[in-house]
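Today I went through the chains and their contacts one by one. These are my notes, in the order I looked things up.

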Number of protein chains: 4
Amino acid sequence: MFVLVNLKAYPCDPVEVATAAADVSDDSGVRVAVAPQAAQISAVAETGVETWAQHVSAVEHGSHTGSTLAEAAADAGAVGTLLNHSENRLKLADIDGALDAADRADLETIVCANNPAQIGAAAALDPDGVAVEPPELIGTGTPVSKADPDIVTGAVDAAARVNGDVDVLCGAGISTGEDLVSASDLGASGVLLASGVAKADDPRAALEDLVEPLL
Amino acid sequence: MFVLVNLKAYPCDPVEVATAAADVSDDSGVRVAVAPQAAQISAVAETGVETWAQHVSAVEHGSHTGSTLAEAAADAGAVGTLLNHSENRLKLADIDGALDAADRADLETIVCANNPAQIGAAAALDPDGVAVEPPELIGTGTPVSKADPDIVTGAVDAAARVNGDVDVLCGAGISTGEDLVSASDLGASGVLLASGVAKADDPRAALEDLVEPLL
Amino acid sequence: MFVLVNLKAYPCDPVEVATAAADVSDDSGVRVAVAPQAAQISAVAETGVETWAQHVSAVEHGSHTGSTLAEAAADAGAVGTLLNHSENRLKLADIDGALDAADRADLETIVCANNPAQIGAAAALDPDGVAVEPPELIGTGTPVSKADPDIVTGAVDAAARVNGDVDVLCGAGISTGEDLVSASDLGASGVLLASGVAKADDPRAALEDLVEPLL
Amino acid sequence: MFVLVNLKAYPCDPVEVATAAADVSDDSGVRVAVAPQAAQISAVAETGVETWAQHVSAVEHGSHTGSTLAEAAADAGAVGTLLNHSENRLKLADIDGALDAADRADLETIVCANNPAQIGAAAALDPDGVAVEPPELIGTGTPVSKADPDIVTGAVDAAARVNGDVDVLCGAGISTGEDLVSASDLGASGVLLASGVAKADDPRAALEDLVEPLL
């Protein structure tokens, strides 16, 4: 299982969460990555944790102000990027363009989507992975795997029908090891989570709890 | 073959083009539809031509100012809608939402896209049809079927792999009967065109020329 | 006082509201206009009511799909347009461009904004009017003139400082004649309202109640 | 005069340009700042140069993925931010929101705009400065101060009418010391430039040439 922690624009200390994530990953052998804002990528990457961007722009080098160039994210230390998170929905053409950009910069890619139909569409664009996150469950603490397991299995099926090579992660409301196990049982190969770790009083303990069933 | 004429925001008389399209369709038996701006849908529909919207919003009835509600387009006389035209690119989630909206209002749907990968993504959302239009050929008079036939066959293949029920149209640079035939030969079941008819000195003659090889 | 009724995408019958508005305006001598969706402009204008667009695009005639060209709105019967409603926020450059477009098509213009600072900015672009609508009060039934009178006087002052020629309307939560009077007392020369009329059981009675204090 | 170098998404080495800018600023006493992409802010700030963001988002701490939080830009070392660059046009409400965000994080602000009317609108929102950049001159090497001096004086006048406290910079096509002097003569208190330095074979020499007339 792949655990990807999205730090969003939370008032957490990104380096503290990243250090905890690096340690928990080393100790447990579970793959854990952290996705900070662009301005924090280099500081997070310096901790040694696997670092992801939250977004890269569908642009190449050139006259683009205020963009996040895939190459700049990679130079700062990112090895992957989320795209089309429900808090940053992209045009279909820009998901395609950002996947090309990520490819150029050797970034692994996960495209988020709301439901199985959109997961199928995302999978058709050939990212490395897709993540299904029903917007109504984000930040609730109610895991999608419990509240709406059919969305997860529907996403796994939709992706498989379109593109057998794409991994399916599951997001929204994930916070415990039990959530991780049920996501895995439903066919997901990873989880995308945020507040459950980034807003936890003790991010390290939250991560340890999360990966515990995988040990 | 289905011929869909997009009037864009051209300074043509939409009723004149619509009347010509209705007549040519009646005389030839070829399905010809016209897509005017929202404010012109009712005037165009009154000519009796098959009328399409250029876009509908991913919203339901409610507090939305400046949107194009699918139900309002249908009430005005539209029976179908384009979505995600390269001049009006939509977020993936909004293409999905607009397809739901069109469905509610019984509008037929064609989702446009730039290339085979995006055509596959669009097809995964289950519209009635998709239209491949390489942006660099739009308005050139150089038909995609001649300039880049692989894009058309690639689109037909990409759609078929993802969703066998979806029709594939081809757009960009189509203006003659010959273009129509070569689109058909490449597997397209229709064409999307604009300036070739809407900016023609004699739209009726342009349409007659277009459908001639089908008679 | 100018009363502008925004029909949004409400499930009301636009022609019924428009007919009532035309009658109430004729009977009372109060200026009342109705702003339907683009697809309904021609049907609303046929009732004889003063008809406004909810939005026009910052484009000229040309290759624009899914836009609302100012000229098309005017041809369908609109004599004015809202811009930058809080449900359809525009880029600063596009407000400027849409004002040019409206000018070309002889449409009167009202630019909406959230607060006095943005009202000043809108006034600097030289529309005919501006409308202050705190988003948190829209659709509440609590009139801005009662909940936050300082926003209205602040808007009147901000507009006057920047551009003495611009009218100030006040929106959000307006539904009764009393609200109209207090808006006027605060310096507004009109009101922008929506649900109070468009979602009323009896739109005609709602409008009669609204203009009653002005008789 | 304030010289602000926008590195856009150019394939230059941001640290090399920043080091040169820091040195030239120290040697000449002219204020020179550099605006890299968000992912490069910390590396650029470490050179000691005055560092600006190219953009910050109109958000506070919270659930925002892929945003550029003003606080994160400041933590990484930025002391100011551009907003509404013509390559990143913002909604009016978001310029206002981003100014609030910058204020919270103690970032100095410059709002870009196309023409005097939009400069007046930007000035009404009370940033520290505004920058007029006719889009058609960006990247041309033809300075706005020569090609269209009336736009610069018009911008200075428009800003002064609305808000006497706001500085006016001038951008687009600036590359030489002569351009800087003529911008100053037209009333600008700074220049915004990009390719003239960032794409120069020798950025240090380009900056030295630029500030030479001020020594």
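First, a term I need. Helices here are DSSP runs of H or I with at least four residues, strands are runs of E with at least two, and both are numbered from the N terminus. I also keep in mind that this is a predicted model.

**Entry 1: helix α5 of chain A**

I started with α5(A), which spans residues 116-124. Is this helix mostly covered or mostly open? I found it mostly covered, with 7 of its 9 residues buried. For that count I used the cut-off of under 20% relative accessible area. The buried ones are A:Gln118, A:Ile119, A:Gly120, A:Ala121, A:Ala122, A:Ala123 and A:Ala124.

Next I asked what covers the buried residues of α5(A). From chain A itself, the cover includes β5 (108-113), β6 (129-132) and α7 (149-162). I then read on past the helix. A:Asp126 follows α5(A), and its phi is positive, near 65°.

**Entry 2: helix pairs across chains**

I looked at α4 (residues 92-104) of chain A against α5 (residues 116-124) of chain B. Their axes come within 10 Å and cross at roughly 130°. Angles over 145 degrees count as roughly antiparallel and 65 to 115 as roughly perpendicular, so α4(A) and α5(B) are oblique to each other. The crossing of this pair is right-handed. On the α4(A) side I listed A:Leu92, A:Ala93 and A:Asp96; they meet B:Ala117, B:Gln118 and B:Ala121 of α5(B). By class, I get 4 nonpolar, 1 polar and 1 charged for this contact.

Then I turned to chains C and D. Helix α5 (residues 116-124) of chain C packs with helix α4 (residues 92-104) of chain D at about 130°, and the axes are 10 Å apart. I note α5(C) and α4(D) as oblique too. Their crossing is right-handed. C:Ala117, C:Gln118 and C:Ala121 make the contact from α5(C), and D:Leu92, D:Ala93 and D:Asp96 make it from α4(D).

**Entry 3: chain interfaces**

How much area do chain D and chain A bury between them? I read about 2200 Å², with 51% of it on carbon and sulfur atoms. Each side gives to the contact: 28 residues from chain D and 28 from chain A. D:Ala9, D:Ala39 and D:Thr65 supply 29% of the area that chain D buries against chain A, more than any other three residues.

Chain C and chain B came next. They bury about 2200 Å², 51% of it on carbon and sulfur atoms. I counted 28 residues from chain C and 28 from chain B. Here C:Ala9, C:Ala39 and C:Thr65 supply 28% of what chain C buries against chain B, more than any other three residues.

No contact joins chain A and chain C; their closest C-alpha atoms lie 15 Å apart. Chain B and chain D do not touch either, with nearest C-alpha atoms 15 Å apart.

**Entry 4: A:Ala39**

Where does A:Ala39 sit? I found A:Ala39 in the loop between β2 (31-35) and α2 (41-45) of chain A. A:Ala39 counts as buried because its relative accessibility is 6%. Leaving out residues up to four places away in sequence, A:Ala39 touches D:Ala38, D:Ala39, D:Ala72, D:Ala73 and D:Ala76. A:Ala39 and A:Thr68 are 29 residues apart in sequence and 9.8 Å apart in space, C-alpha to C-alpha.

Key:
Residues are numbered from 1 along each chain as its sequence is written. Chains are lettered from A and ligands numbered from 1 in the order in which they are written. This is a predicted model: local features need pLDDT of at least 70, side-chain atom pairs count only at pLDDT 80 or more; totals for chains, interfaces and linings use all residues. Side-chain values use heavy atoms; hydrogens and water are left out. Axes are lines fitted to C-alpha atoms, for helices over the stretch in contact, and angles run from 0 to 180 degrees between N-to-C directions. Angles under 35 degrees count as roughly parallel, over 145 as roughly antiparallel, 65 to 115 as roughly perpendicular and the rest as oblique. A crossing is left-handed if the near helix is turned anticlockwise from the far one by less than a right angle, and right-handed if clockwise. Contact means heavy atoms within 4.5 Å. Ala, Val, Leu, Ile, Met, Phe, Trp, Tyr, Cys and Pro count as nonpolar, Asp, Glu, Lys and Arg as charged, and the others, Gly among them, as polar. Buried means under 20% relative accessible area, exposed over 50%, partly exposed in between (1.4 Å probe, protein chains only). Buried area is the accessible area (1.4 Å probe) that two parts lose on being put together, summed over both.
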